[in-house]
Amino acid sequence: MKIQLNKVIIAILCIILGAFIAIQLKNVQGDYSFVTLNTIADLQNMVKREQEEVSNLKEQISLNRNKLNEYEKAIQQGGSIKDVLDRENQLLKTISGFLDVEGAGIIIKVSDSERELYEFEDPNNIIVHDRDILTIANDLKIAGAEALSINGQRVISLSEIKCAGPTITINNYTYGQPFIIKAIGNKDTLSAAVKSPDSHATILKDIYGLGVEVEVYDNVRISRYHNNISWKYLTPKEGE
């Protein structure tokens, strides 16, 4: 009889304990909700975007603070904010190609081949094309060229180079060969970029027999971009 009473007591305690655990689990589930992996990924992307935005704002604040310090320094030295703005304007003109520049660099002369055509060979193989000039110019840009010109025409972001028979049109001006490419930058790096065995200039010279001459100079002069620019679709973004 005593054993049965103990069993009953144990059973009652188990029921009470089970009910207590169930109540606790319900309370815990009420405080937390389950999220999917997609939700976690979305939240991570949101946090990343916010961090990037904060980083951009910090960078902009730093730039504005530096500019403000420059203005204050100019005033303290007896100058004016206009002097600082003039220097910034000159710098922007230099970078964008609207000022004459000079510096160390190289000059490349590219001309049609003078060799005879092989039997059944395409005559285009021995003629300089717009893609050849474009590729050499891109090789120079990759090598760090800070300014480029082709036959005296300054190459900027809006410059077009297109083939028209035996001539090439640059900035709406048409020229025949030879084509003179000037580049300002680290002269050794620029020279190596066009003289390397796998460069386009070397292929034109060694494979197709075109004339390619590269000269290194301590001072190369490049004229500014002379054409007028009119924007049809571009407008400044408000608030910038």
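The model is a prediction, in which local features need pLDDT of at least 70 and side-chain atom pairs count only at pLDDT 80 or more, while totals for chains, interfaces and linings use all residues. Residues are numbered from 1 along each chain as its sequence is written, and side-chain values use heavy atoms, with hydrogens and water left out.

Helices (H or I, at least four residues) and strands (E, at least two) are DSSP runs, numbered from the N terminus. If residues up to four places away in sequence are not counted, V194 is in contact (heavy atoms within 4.5 Å) with I106, I108, I136, L140, S199, A201, T202 and V214. In soluble globular proteins, nonpolar side chains tend to be buried together.

Helix 4 has 13 residues and reaches 18 Å from its first C-alpha to its last, close to the 18 Å expected at 1.5 Å a residue, where the expected span is 1.5 Å times one less than the number of residues. In this helix D130, D132, I133, I136, A137 and L140 are buried. Seen down the axis of helix 4, these buried residues fall within an arc of 165° and so line one face of the helix; the arc is that of the directions from the helix axis to the C-beta atoms. On the other side of helix 4, R131 and I142 are exposed, and just after the helix G144 takes a positive phi of about 100°.

An open sheet of three strands has the order 4-5-6, with antiparallel pairing, two strands being paired if DSSP finds at least two bridges between them. Its edge strands, each pairing on one side only, are strand 4 (161-164) and strand 6 (173-176), and the twist averages 30° from one strand to the next. Four bridges join strand 4 to strand 5, and A164 stands opposite T167 in strand 5. Helix 4 packs on this sheet, touching strand 4 and strand 5, and its direction makes about 155° with that of strand 4. For these angles, axes are lines fitted to C-alpha atoms, for helices over the stretch in contact, and the angles run from 0 to 180 degrees between N-to-C directions.

Most residues other than glycine have a negative phi, and most peptide bonds are trans. N171, in the loop between strand 5 and strand 6, has a positive phi of about 55° and is buried, with a relative accessible area of 0%. A cis peptide bond, with omega of about 10°, joins Q177 and P178, and P178 lies in the loop between strand 6 and strand 7.

Definitions and conventions: Buried < 20%, exposed > 50% of the residue type's maximum accessible area, 1.4 Å probe, protein only.
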